[in-house]
Amino acid sequence: MTRDDVAAMLIDELGRIAPETDASRLDPNAELRDELDIDSMDFLNLVTALAERLMIEIAETDYPKLATLSHAVDYLVQRLGVAV
Amino acid sequence: MGEFRMPSLGADMDAGTLVEWLKRPGDRVKRGDIVAVVETQKGAIEVDIFEEGVIERWLVEPGTTVPVGTPLALIAGAQPAAAVAEAEVAAPAAPTPAPAAPPTVSPVPEPRTGMSRPRVSPAARRLAAERGISLDQLIGSGPGGTILHADVERAAAGAAPRPTTAKRLDLAEMRRAIAAAMARSKREIPHYYLSTTIELTRSLAWLEETNSTRPPAQRLLLAALLLKAVASALGEAREFNGFFTAEGFQPGAGIHIGTAIAIRGGGLVAPAIRDADKLTLNELMAQLRDLVARARSGALRSSELSDPTITVTNLGERSVETVFGVIYPPQVALVGFGMPVERPWAVAGKIATRRVITATLAADHRASDGHRGALFLADIDHRLQGPETL
């Protein structure tokens with residue numbers, strides 16, 4: 001799985017949570033919670049889906065590392081041990 | 001012979017449109033079965049039945065709009081509907097057209113604007129998921145272009161759907177419904193308001209510790225603790241849980257907490273978490289998660305919308321500190337929580353920073369007084385200081 005695959009999966013999951021927005025056009029450095037208007041339940045569902053699809057652990061204390069699209073991809077890539 | 005009626009899903013609902021029958025004459029039904037889908041101001045709602053029996057015949061055809069309380073079908077071998085519904089709903093005296101029952105649309109924030117997805121009946125959504133059919137490509141033949149079970153069946157069989165124009169979510173209609181319920185609330189209910197700041201240190205530390213050993217699917221949110229604290233405190237504050245009717249205050253038979261949930265694309269619903277005081281935190285969290293998911297996919301059940309005995313609104317982490325609630329008639333109280341914030345706080349004579357949350361109570365002066373309200377809020381605070389006992 002490449003970095004692009006991880007980004008595509010994240011965008012896919014964001015699209016499920018906020019179906020009325022085009023997640024592929026997100027500013028990679030904008031706060032996801034603000035850009036997509038997601039609440040704590042949405043965020044928990046996102047983390048649940050990512051942890052299950054990527055088969056990784058995502059600690060609650062790591063949630064701040066998922067704040068923006070680009071940070072989240074960095075974090076997930078690092079968790080997966082994917083070569084960049 | 002029993003009658004299956006158009007349910008009342010809120011003080012603001014006086015009519016609904018039958019979208020689809022999910023059971024046919026001759027089918028045996030039992031309590032909790034989903035019998036029909038109706039279109040309301042809150043979207044397509046699955047209507048479950050309180051009786052057991054066999055559907056004798058349909059009295060109303062899909063596409064028909066009828067007033068609340070209108071018989072939709074005859075049920076053979078069932079007790080009279082009103083009696084069963086009364087026992088179950090425990091709403092104030094429920095003769096035929098069912099009484100104005102509690103919340104669907106909560107008063108607080110503005111609906112989001114600017115989106116439109118096709119309306120889909122919950123049964124149709126399930127079938128589409130089972131058959132792997134994309135809803136985007138379907139044209140609904142139901143009222144206002146709602147995609148029906150039958151449309152998905154046709155698509156699955158490869159037949160062309162009947163063309164109609166897809167309807168946009170009617171935000172103006174939802175705004176009218178909120179206006180009607182809130183105008184009634186402000187006209188009839190002598191509100192009083194109380195507010196207190198609750199230290200969250202213990203609750204948040206307990207949550208962090210609990211969640212650190214759980215996979216995301218089993219983690220708890222602060223919202224679950226807040227709901228449980230309110231539900232437990234209501235056990236000793238019954239004058240905040242129930243309905244105010246022509247006969248005066250009627251305590252609720254159970255503690256069914258209407259939980260305000262924002263719907264993406266517009267508006268809010270406040271379906272009930274039933275008997276919330278009897279649920280463990282894990283059960284309550286699971287129900288909250290399920291309810292939010294179904295509220296947002298348009299798959300709520302009529303029983304969840306018809307009987308909340310109080311409403312809790314939780315403005316979440318990115319908003320404001322304090323909410324001044326408007327009670328949803330005929331309920332008598334609304335508990336609001338603002339955003340948790342870090343603030344200077346006096347601890348043993350010194351200033352420290354602590355995370356705190358503002359809890360407010362809007363209550364009906366016909367049913368309670370400020371003194372009792374203050375004790376109720378203080379009890380919620382007390383319970384949040386012992387999260388492990390919630």
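pLDDT is the predictor's confidence in each residue, from 0 to 100. What you're looking at is a predicted model, so that score is a handy place to start. Chain B has an average pLDDT of 82, and 79% of its residues score at least 70. For the model overall, ipTM comes out at 0.91 and pTM at 0.73.

Two stretches of chain B call for some caution. Across residues 81-117, pLDDT stays under 50, and the model gives that stretch 113 contacts beyond four places in sequence. Residues 159-169 also stay under 50, with 25 such contacts in the model.

## Where the chains meet

Chain B brings 17 residues to the contact, and chain A brings 14. On the chain B side, α5 (201-212) and α7 (281-297) each supply at least two residues. The biggest giver there is α5(B), with three residues. Sort the chain B side by type and you get six nonpolar, four polar and seven charged residues.

## Two helices crossing in chain B

Now for a pair of helices within chain B: α6 (residues 222-234) and α9 (residues 370-384). Their axes come within 9 Å and cross at roughly 130°. Angles from 65 to 115 degrees count as roughly perpendicular and those over 145 as roughly antiparallel, so α6(B) and α9(B) are oblique to each other. The crossing is right-handed.

From α6(B), the contact uses B:Leu225, B:Ala229, B:Val230, B:Ser232 and B:Ala233.

Key:
Residues numbered from 1 in each chain as written. Chains lettered and ligands numbered in written order. Predicted model: local features only at pLDDT ≥ 70, side-chain atom pairs only at ≥ 80, totals over all residues. Contact = placed C-beta atoms within 7 Å. Helix = DSSP H or I, 4+ residues; strand = E, 2+ residues; numbered from the N terminus. Nonpolar A, V, L, I, M, F, W, Y, C, P; charged D, E, K, R; others polar. Axes fitted to C-alpha atoms, helices over the stretch in contact; angles between N-to-C directions. Parallel < 35°, antiparallel > 145°, perpendicular 65-115°, else oblique. Left-handed = near helix turned anticlockwise from the far one by under 90°.
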